[in-house]
Amino acid sequence: MNTNLTKNPSLLAWLDEKVDFLKPAQIVWIDGSKEQIDALKAEACETGEMIKLNEDLLPDCYLHRTAENDVARVEARTLICTSKEEDAGPTNHWMDPKECYAMLNDIAKGSYAGRTMYIIPYSMGPVGSPFSKIGIEITDSIYVVLNMNIMTRVGKAVLDCLGDSDDWVRGMHCKCDVDPEKRWIVQFPEDNTIVSVNSAYGGNVLLGKKCFALRIASYLGKNEGWQAEHMLILGLTKPGEETKYICAAFPSACGKTNLAMLIPPEGYLRKGYKVECVGDDISWIRKGPDGRLYAINPENGFFGVAPGTNDKSNPNALAATKKGTIFTNVCHNLDNNTVWWEKLDKNPPTHCINWKGEEINGTSDEPLAHPNSRFTAPAVNCPCLSPEFENPNGVPISAFVFGGRRAKLTPLVYQSKSWNNGVFVGSIMGSETTAAATGAVGVVRRDPMAMLPFCGYNMGDYWKHWIEIGAGLDPEKAPKIFNVNWFRKDENDDFIWPGFGDNLRVLDWIIDRCEGKVDAQETPIGYLPYAKDINLEGLDITEDTLNSILDVDKDAWAEEFAGVDELYAKFGDRLPKELADELASVRAAFED
């Protein structure tokens, strides 16, 4: 294939092969220019693939609907294909690579006939950063092109940076017939390759996101000595002090994006506290020349869940959606050509089109927006975006924070006793199911480091990689590791801690601990705050109430460890000895 955008031999050979295999009617290279992107938006509106929204109220914003059978990630059809099944591990779905390639080729062959092949060169991370990696995604979807243009750095500058290198991730997306029975999202870590067929929904087809930035990147990180983590990055600036950066991992429905874009309580704002967002979802982490760990956000936008996002829960995220945003599967308000979703406000439109494309006149008993409806918004729109967002060298990390949703067990916050103990804390992470998620309430779903669906190799080896990273750090420079739980409940099933902006009070203590400014009480699970060291000013919470969510119940933890035994047993001899030792040590501490 001839092109004036690149002479990269490995890329051109791959594209020649794919063109011959997929049989596109035409080929378009995405150069990243505004003129090209605007023309593609106009084309998508002409074909009905997207709808342009009110230019005065939502400038340069668009609405898209997916097929009703194609509205979320499909974990059962997401594969990690390694030559040995044990290298994928017990928590991933595996298929023999040869068998899988044959299956995918049978599905995808000739599927671009009559369609356009779009070639998207993209960089995860700032173009040219030592942290960054380059991918090429081919797709037959304008929607994918326009979303990737928001979520990643796209265009000719990426190809210039790549040069003749063979170090790039191959990505092939084919809409095919959007057939859920033939839908597969497949990672081949050993081949640096991703294939997605029969889906047109964001998380399955924006191959830079979970597929590359976590599944492929976690495998690359293991081999190259760095980390790809499902973590937000925020900067906390105390009055008169330098900004400190925190990476935090939470399972879904635990307020991750809200924390990443937190607005400090009024009293803290008056004193001059500031929180800035570097990233809301993914961190790539490397050791810097000074021996500290540094992190970048490899993404360039936010792919957020719309329902529940409002001026109270996350005003910064809502502000980020006000221009240049693509909305997927939300409600179309026909009265003013804008969008709406559940909990945006208390005034659902009565003349609208719901996420299924059905016109509604009057009130509706059914949700107007799909519960997993999304916005793809440029990061530059976020009012609290960190000035370090584009820093090619990343930001230095002071603390790692893990968390989950536990009604009774886990304290509001505690600090691990060591790096390996912190890896143990992250490895046993889990959340209790809510009534909205399943019929069984309070069942613990383990999600180690919030990476269960996203680790591109055996999770036992992933934990070992964490341990090896720690062993290579000066203990004085290593981030401290903490666990938080905003979700403790009282006997009336009400949350005790207020959450939202008041979570800054806990982050404040975390940074104080990192700087050695406050003492803590040692317990079998780690170091807990003294209630007096968490600022309760302006809250309707007493120190006695706070103490009630800083307790460690021996019997409850004994039950918890039985669940950890069950998790660890899955990994056999791939479980790092260090984690087995940590579990034994914590158990023994309860007996002392």
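In which loop does Ala 450 lie? The analysis concerns a predicted model, in which local features need pLDDT of at least 70, side-chain atom pairs count only at pLDDT 80 or more, and totals for chains, interfaces and linings use all residues. Residues are numbered from 1 along each chain as its sequence is written, and side-chain values use heavy atoms, with hydrogens and water left out.

Ala 450 is found in the loop between β27 (444–446) and α13 (459–471); helices (H or I, at least four residues) and strands (E, at least two) are DSSP runs numbered from the N terminus. Although Ala 450 is a residue other than glycine, its phi is positive, near 60°. Ala 450 has a relative accessible area of 1% and is buried, where buried means under 20% relative accessible area, exposed over 50% and partly exposed in between (1.4 Å probe, protein chains only). A positive phi, of about 60°, also occurs at Asn 192, which is not a glycine. Asn 192 is placed in the loop between β9 (184–188) and β10 (193–197), and it counts as buried at 13% relative accessibility.

Strand β17 (residues 301–305) is largely enclosed by the rest of the structure, because four of its five residues are buried. β17 runs antiparallel to strand β23 (residues 374–378), with five bridges joining the two; strands pair if DSSP finds at least two bridges between them. In this pairing, Gly 301 stands opposite Pro 378 of β23.

Two cavities of 30 Å³ or more were counted. A cavity is a set of points, on a 1 Å grid over the protein atoms alone, where a 1.4 Å probe fits but cannot get out, and lining residues have an atom within 4 Å of a point. Grid points are joined across faces, edges and corners, and a volume is the space filled by probe spheres set on the points.

The largest cavity holds about 110 Å³ of space. Its lining has 15 residues, of which Arg 406, Thr 410, Met 429, Gly 430 and Asn 483 are the closest to its centre. At least two lining residues come from each of β28 (480–484) and α16 (554–569). The lining comprises seven nonpolar, six polar and two charged residues (Ala, Val, Leu, Ile, Met, Phe, Trp, Tyr, Cys and Pro count as nonpolar, Asp, Glu, Lys and Arg as charged, and the others, Gly among them, as polar).

The second largest cavity holds about 30 Å³. Tyr 414, Phe 424, Val 425, Ile 428, Ile 525, Trp 557, Phe 561 and Val 586 line this cavity, with α12 (419–427) and α16 each giving two or more residues. This lining has eight nonpolar residues, no polar and no charged.

Conventions: 1 Å grid on protein atoms, 1.4 Å probe; cavity = no way out; pocket = protein on both sides within 12 Å on 5 of 7 lines; lining within 4 Å.
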